[in-house]
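Subject: Structure handover

Hello,

Here is the structure for your work. Please look it over before reading the notes below it.

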Amino acid sequence: MVVQCAGTRTVQRVDPEMFVQEFGSKCIDLVSAAFGGSIHSFSDEFFAAASNLLTVTPPVWNPGYFVETGAWFDGWETRRHNPNPRDWVIVKLGVPSGQVWAVEVDTAYFNGNHAPAVTVEAAYLNHDEVLAKDGSNTSWDEILPLQECGASQRHIWVLPSPTAKNYSHVRLSQYPDGGIARFRLYGTVVPVFPTDPEAIIDLAAMSSGGIVISYSDSHFGAASNLLLPGRGTNMGDGWETKRSREPNHVDWAIVRLGAPAKIEEIIVDTLHFRGNFPREVKVEGIDWKGGSKEDPEAGDAWTEIVLPAKCAADKEHAFSSTKLVNVQSGEVYTHVKMTIVPDGGVKRLRVFGKRAL
C-alpha cells in the first residue's frame, strides 16, 4: 500500500519479514521499554493500559479471561463512543533523540475492537524542557499520515527516507478509538555525547548509537540485547545461540560503535547464563574505511583486542587496558566483533573508550 505523505513524499507498507531482512541491521526500536521508552500521557486507557504498547515481547492472547472492565487484552484499548475525533498516546523515546525510518502498529488479537486508522506525529524537546500532558506546548511534525488498519495484523510503514529532524517524543493517534497491541518506532539513535573529549563512555551502548549489524545465530535470544542498558532480569534479555554439534564451531556478533573509538576497556557479561555460558570469548576490532557497505566477513582486516579468554558463569569479565592488545598506541576502531567458543549466551557487551575526534 502506497499513500501520499507531505506533498510528493510517500510511505510504503511492507511485509514484516522483508522489513527485518532489509532494515534489521540498520535500525532499532527507539521506543522500546527495554532501554527506557515510556508513556508520557494518553487520552484514555479504560480497557487496557497504554504502557502495553511498548512491551518487548510479542502480544499474547488469553481467551476467556476477564478483568473488571471486560475481556483482557495485551495492548492499549480505549473506551467506545469517543466524543472526540481521536484517542492518542504520547511516547518518550528511550534514547536522547532519534531519526525515524519506519513505524509499526500491531493490532494482534484486536478483532472487532481494533483501531480503524492511525497517524503518528513527532516532536523534539531539549532535556530541560517539560512537555505538557496533552503536548500542546510544542509543535508536532506528521511523520505518518492517516493509514487504515486491519484487525489482528502487523502493519509496518517505511518512510521514503529517514527523517531529517531528530525527535525525542512521538504521538500515536487512533481514529476514533479502539485497540492496538504494540507500537514500534524504528530508526537510528542520535546520541548526545559529553562535551569533554576525554570522557570515557560505552560506545557500544544503544544510547551512544551502537548497533549490532550482523551475527551468526540468535536462536534463543536477540544479538541486539547485548547493547541494552543495565544487566537485565533473566536469560531472556541476553544473546543466546543454539547448541552447536559440529567440530570447531564458533558464534559471533559484530557491533558498529556509536563513534570511532580509542578503546580503554571491554566487558563481557554472562549474568544469568550458568549452564549455557560460552567456554571462551575473544574480541576483535576494525577501523572500517570501506564505504557505506559494511562487510561482516572482512577476514584478515580484523585485529585482536581481547585474546581468547575462558568464561565463567554469571560473571562480568572485565578486560582493562592492561589486558587488551593493539590499543596502547592510540589505535582507532569503528567496529568490534565478539566471538564465543563454541556457542552459548552472553548478557551484555560493553566497549568503553574515548571518541577519536
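Confidence. This is a predicted model. The protein chain has an average pLDDT of 94, and 95% of the residues score at least 70. The exception to keep in mind is the stretch of residues 1-8, where pLDDT stays under 50. The model does have 19 contacts beyond four places in sequence for residues 1-8. Where pLDDT is low, however, predicted coordinates should not be read in detail.

Overall fold. The protein chain contains 1 helix and 25 strands. Its radius of gyration is 22 Å, close to the 21 Å that the globule rule gives for 357 residues, so the chain is as compact as a globular protein of that length. The C-alpha trace spans about 65 × 45 × 35 Å along its principal axes. Of the 357 residues, 49% are buried. Taking the contacts between residues at least 6 apart in sequence, 80% join residues at least 24 apart. The accessible surface of the protein chain is about 16700 Å², and carbon and sulfur atoms account for 51% of that.

Helix H1. This helix covers residues 16-23, and its buried residues are Pro16, Phe19 and Phe23. These three cover an arc of only 55° around the axis, which puts them on the same side of H1. The exposed residues Glu17 and Gln21 sit on the face turned away from that buried side. Glutamate 17 also takes part in a polar contact at the start of H1: its backbone nitrogen has a side-chain oxygen of aspartate 15 within 3.0 Å.

Histidine 317. This residue belongs to strand E22, which runs over residues 316-319. Is histidine 317 buried or exposed? Its relative accessible area is 6%, and buried means under 20%, so histidine 317 counts as buried. The side chain of histidine 317 reaches the backbone oxygen of lysine 315 at 3.1 Å. Which residues is histidine 317 in contact with, leaving aside its neighbours within four places in sequence? They are Ile266, Ile267, Val268 and Thr270, together with Lys310, Cys311 and Ala312.

If you set up calculations from this file, the part to treat with caution is residues 1-8, where pLDDT stays under 50.

Regards

Key:
Residues are numbered from 1 along each chain as its sequence is written. Side-chain values use heavy atoms; hydrogens and water are left out. Helices (H or I, at least four residues) and strands (E, at least two) are DSSP runs, numbered from the N terminus. Buried means under 20% relative accessible area, exposed over 50%, partly exposed in between (1.4 Å probe, protein chains only). A polar contact is a pair of N or O atoms within 3.5 Å; within protein, one must be able to donate a hydrogen and the other to accept it, and residues adjacent in sequence count only if both atoms are side-chain atoms. Contact means heavy atoms within 4.5 Å. The arc is that of the directions from the helix axis to the C-beta atoms. pLDDT is the predictor's confidence in each residue, from 0 to 100. The radius of gyration is taken over C-alpha atoms; the globule rule is 2.2 Å times the number of residues to the power 0.38. Accessible areas come from the Shrake-Rupley method with a 1.4 Å probe; for residues, only the protein chains shown count as cover.
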